Amino acid sequence: MSKHRTRKRAGAESPHRCGFVSILGRPNAGKSTLVNALVGQKIAIVTDKPQTTRTSIQGVWTSDAAQIVFLDTPGIHAAASPINRRMMQAVAGALDGRDLLLFVADATREPRPEDQLALEWVKRSQTPAFAVLNKVDLLSDKGLLLPLTETYKGWHEFEEFFPVSAQTGEGLEQLRAAMIQRLPLGPACFPADYLTDQPERFLVAETIREKVLLVTRQEVPHSVAVTIEEWTETPRLFKIAATIHVERNGQKPIVIGAAGARLKEIGTQARGDCEKLLGKKMFLQLFVKVSEKWREREEFLNQLDWRTASPPPAPPVLGETMDSRITPPALAETMDAPTVPPAPAESTGSTEGGNEHNGE
Ligand SMILES: Nc1nc2c(ncn2[C@@H]2O[C@H](COP(=O)(O)OP(=O)(O)OP(=O)(O)O)[C@@H](O)[C@H]2O)c(=O)[nH]1
Ligand SMILES: [Mg+2]
């Protein structure tokens, strides 16, 4: 995967730097927002719910002078269940062989034991770390940064402190410049257009999960998982079917909404983002299913991460004729037109736009 390149410019020999930077901190501090802002593209989903990120996600930023390989990680928290243990294993894996760590804290909150717990991981790794005090756009009084900085200075010997807003971009260029100075000299590790290690399937599943969390705004976030059931690419569109897993029967109506309205909204929003991501139109079918205790089932959890998932099933042997069967003209041309759900499914819809929603 890694392809080494030596960058030489006519006339001047600019010292190229390349290195690995992991981003960690307590849940909801803004780590994924920060990695998206630093990479310049959305590679990690963002919600206002803690524990949104469930695995480590690589994002690469490249310029003529440097390449920074970022790793976003799940928010650090006490891990009791199998899924939480995996999340913390992802954090542990992100500390190996790093040149620099970004410890992200929410500048609008008093430092708490949760931040201290997260800091323990930084200490143990013995890797140089910057403290990134995020969300300063929300501070009416920047003087509040001083006591915050003093507290963190007392807790750990950080190399430098950076007040930033991952949301507005404030302070990010200073942070980037300081990071580059800390990276080792050397050629880029990845081609200039390389962005992330996540396969498109995973990005689509994550986008759907983000929309479920944003649209439902209720007590379902930790209970939701998304799996891709069908993935077909034709010259004109992607046909994708996905299942939204919840843990209890009572959570299905929260996701589906009255007459399928909420699921339709989830599908419409997800399709909008995914079409930009994939650069093609998309026919998206969504199903909602109760998968009891999925967070405790190792083989289910394996399927959620591309690094542990078994390979997707081989495409059906229908060959070329498949395309015309799955994209009837009416479907391909009518954006957001409600389609008749196949009987006797409990709930609704699809988009290519249409979302097809089915409760099983
Ligand atoms: N106002 C403001 N909000 C921010 C900023 N950065 C992140 N947020 C918000 O904070 C919430 C959490 O952001 P995430 O990026 O998902 O946080 P995270 O640290 O990745 O969270 P986990 O994945 O759960 O650990 C979201 O609602 C973001 O929009 C910022 O600089 N300013
Ligand atoms: Mg995150």
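Me: How many residues of β4 are buried?
Reply: Seven of the seven, so β4 is largely enclosed by the rest of the structure. Keep in mind that this is a predicted model.

Me: Which β4 side chains point one way, and which the other?
Reply: L100, L102, V104 and D106 point one way. L101, F103 and A105 point the other way. All are buried.

Me: In what sense do β1 and β4 pair?
Reply: They pair in the parallel sense, over five bridges. One detail there: G25 has V104 in β4 as its bridge partner.

Me: And how many bridges join β4 to β5?
Reply: Six, and the two strands run parallel. D106 stands opposite N134 in β5. Between the strands, the chain goes from β4 through helix α3, residues 113–125, to β5. That β-α-β crossover is right-handed.

Me: Switching to helices. Is α1 largely enclosed or exposed?
Reply: Enclosed. Eight of the nine residues of α1 (residues 31–39) are buried, so the helix is largely enclosed by the rest of the structure.

Me: Which residues of α1 are buried?
Reply: K31, S32, L34, V35, N36, A37, L38 and V39.

Me: What happens just after α1?
Reply: G40 takes a positive phi there, about 90 degrees.

Notes: Residues numbered from 1 in each chain as written. Chains lettered and ligands numbered in written order. Predicted model: local features only at pLDDT ≥ 70, side-chain atom pairs only at ≥ 80, totals over all residues. Buried ≥ 20, exposed ≤ 12 C-beta atoms within 10 Å, placed from the backbone. Helix = DSSP H or I, 4+ residues; strand = E, 2+ residues; numbered from the N terminus. Pairing = 2+ DSSP bridges. Right-handed = clockwise from strand over helix to strand, strands pointing away.
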